[in-house]
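Try each one yourself, then compare your steps with the solution.

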Amino acid sequence: MTDRFALVPASYVYLLRDGSGGTEVLLQQRGPVPYMAGHWAAAAAGHVEPGETAYDAARREALEELGITDLDLDFVLTMQRSQFGPAVEERVDWFFTSRSWTGEPRIVEPEKAASLGWFALDALPEPMVPHEAHALAHLFSGVGYLTFGWDAPPSGGGPSATAATGSTETKGGNR
């Protein structure tokens, strides 16, 4: 019998608006938290809890972290991530965008977020959480499945993108 790895699921919400220089995204600067403190990331994101769909988790996180409701969510892409370590390092992330919601986005959890800001997609702040910068770079590419953490795309065919090159591939390679 083969041991199977466990995936840790998460949902990410990128609020978008039209700005003077094109599309802008709302990002939060992570506060004094264990993972990537000080880095910029989705304004709302978090783990999918038992019994939740990825959509439900996205809406819950938007309420908990930004105080907004009634999001009109558009599913954009899925990312499979690995650090080839313990099971907790195997991840699957669902990325959503929204251009419509109720309420004014604000920091609801000041112990976790240091700042909020709107940024042009072609002028993101530094430092960014690396896998999120990768997702944002492919937000409008039409590629529905990305990988992050492999030196080459995993085998299996279909379009994918790698963290090493940032390019999209039409065929997967071996890891």
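**Exercise 1.** Which cluster do Tyr12, Tyr14 and Phe95 form? Work it out pair by pair.

*Solution.* Tyr12, Tyr14 and Phe95 form one aromatic cluster. A word on the source: this is a predicted model, where local features need pLDDT of at least 70, side-chain atom pairs count only at pLDDT 80 or more, and totals for chains, interfaces and linings use all residues. Residues are numbered from 1 along each chain as its sequence is written, and side-chain values use heavy atoms, with hydrogens and water left out.

Step 1: know the rule. Rings of Phe, Tyr and Trp (its six-membered ring) pair if their centres lie within 6.5 Å; planes under 30 degrees apart count as stacked, over 60 as edge-to-face and the rest as tilted.

Step 2: search. The whole structure holds six aromatic pairs. In one of them, Tyr12 and Phe95, the ring centres are 4.5 Å apart and the planes lie at 20°, so this pair is stacked. It joins distant parts of the chain, 83 residues apart: Tyr12 belongs to strand E1 (residues 8-19) and Phe95 to strand E6 (residues 90-98). Strands (E, at least two residues) and helices (H or I, at least four) are DSSP runs, numbered from the N terminus.

**Exercise 2.** Are Tyr14 and Phe95 buried or exposed?

*Solution.* Start with the cut-offs: buried means under 20% relative accessible area, exposed over 50%, and partly exposed in between (1.4 Å probe, protein chains only). Both Tyr14 and Phe95 are buried. For Phe95 the relative accessible area is 0%. Tyr12 is buried as well, at 6%.

**Exercise 3.** Where is Met36, and where is Asp70? Look at the phi angle of each.

*Solution.* Take Met36 to begin with: it sits in the loop between strand E2 (22-30) and strand E3 (40-42). Its phi is positive, about 55°, although Met36 is not a glycine. With a relative accessible area of 25%, Met36 is partly exposed.

Now go to Asp70, in the loop between helix H1 (54-66) and strand E5 (73-82). Asp70 has a positive phi of about 55° and is not a glycine either. At 57% relative accessibility, Asp70 is exposed.

**Exercise 4.** Which peptide bond is cis at Pro127?

*Solution.* Find Pro127 in the loop between strand E7 (113-120) and helix H2 (130-137). The bond from Glu126 to Pro127 is cis, with omega near -5°.
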